[in-house]
Amino acid sequence: MRTKTATMSIINVVVHILIALVVIIVIYAGAMRCYDFGYRIFTDTPMSLEPGRDVTVIINEGNSTRQIGTLLKENGLIKDVTVFVVQEKLSEYAGEIKPGVYVLNTSMTAEEMIAVMSGNMVEGKEEESE
């Protein structure tokens, strides 16, 4: 009887340790994913170095930021649509992207592309506000 109780106690402790390890691993993996996501948002890097290649994109009336991000990704201008959506929301040009035809370059950062598509950047230079 004592050995059965001791065995059950040991099994109970082992199960609790395994559950704790699984919880720790899940929390660690989640934290690493969150860190990576945040890092990609705030370290805006272009797809290629200068001079890059020019890509013409057409933004239609009513396109959502996610649709624009998908278009940019399909054309090799950005790596991650979700990161682009968050970058647009956090940028000073949030909600200002205008419909039109834009020539963007793979050496531009997402923020520079957002500035161009919002009409705040012309030929690689930000417009001066009066």
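Residues are numbered from 1 along each chain as its sequence is written, and side-chain values use heavy atoms, without hydrogens or water. As the model is predicted, local features need pLDDT of at least 70 and side-chain atom pairs count only at pLDDT 80 or more, whereas totals for chains, interfaces and linings use all residues.

**View 1. Packing of helix 2 and helix 3.** Helix 2 (residues 65–74) packs with helix 3 (residues 81–90) at an angle of about 130 degrees, and their axes lie 9 Å apart. Helices (H or I, at least four residues) and strands (E, at least two) are DSSP runs numbered from the N terminus. Axes are lines fitted to C-alpha atoms, for helices over the stretch in contact, and angles run from 0 to 180 degrees between N-to-C directions. Helix 2 is therefore oblique to helix 3; angles under 35 degrees count as roughly parallel, over 145 as roughly antiparallel, 65 to 115 as roughly perpendicular and the rest as oblique. Helix 2 contributes T65, R66, I68, G69, T70, L72 and K73 to the contact, and helix 3 contributes V81, T82, F84, V85, E88 and K89. Contact means heavy atoms within 4.5 Å.

**View 2. Packing of helix 1 and helix 3.** Helix 1 (residues 2–42) meets helix 3 at an angle of about 55 degrees, with 9 Å between the axes. This angle makes helix 1 oblique to helix 3. The contact joins F37, R40, I41 and F42 of helix 1 to T82, V83, V86, Q87 and L90 of helix 3.

**View 3. The buried face of helix 2.** T65, I68, G69 and L72 are the buried residues of helix 2, where buried means under 20% relative accessible area, exposed over 50% and partly exposed in between (1.4 Å probe, protein chains only). Seen down the axis of helix 2, these buried residues fall within an arc of 100 degrees, so they line one face of the helix. The arc is that of the directions from the helix axis to the C-beta atoms. Their cover includes strand 1 (54–59), helix 3, strand 2 (100–105) and helix 4 (110–117). Just after helix 2, G76 has a positive phi of about 75 degrees.

**View 4. Helix 4 and the residue G119.** Helix 4 is mostly covered, with six of its eight residues buried. These buried residues are A110, M113, I114, A115, V116 and M117. G119, which follows helix 4, has a positive phi near 80 degrees.
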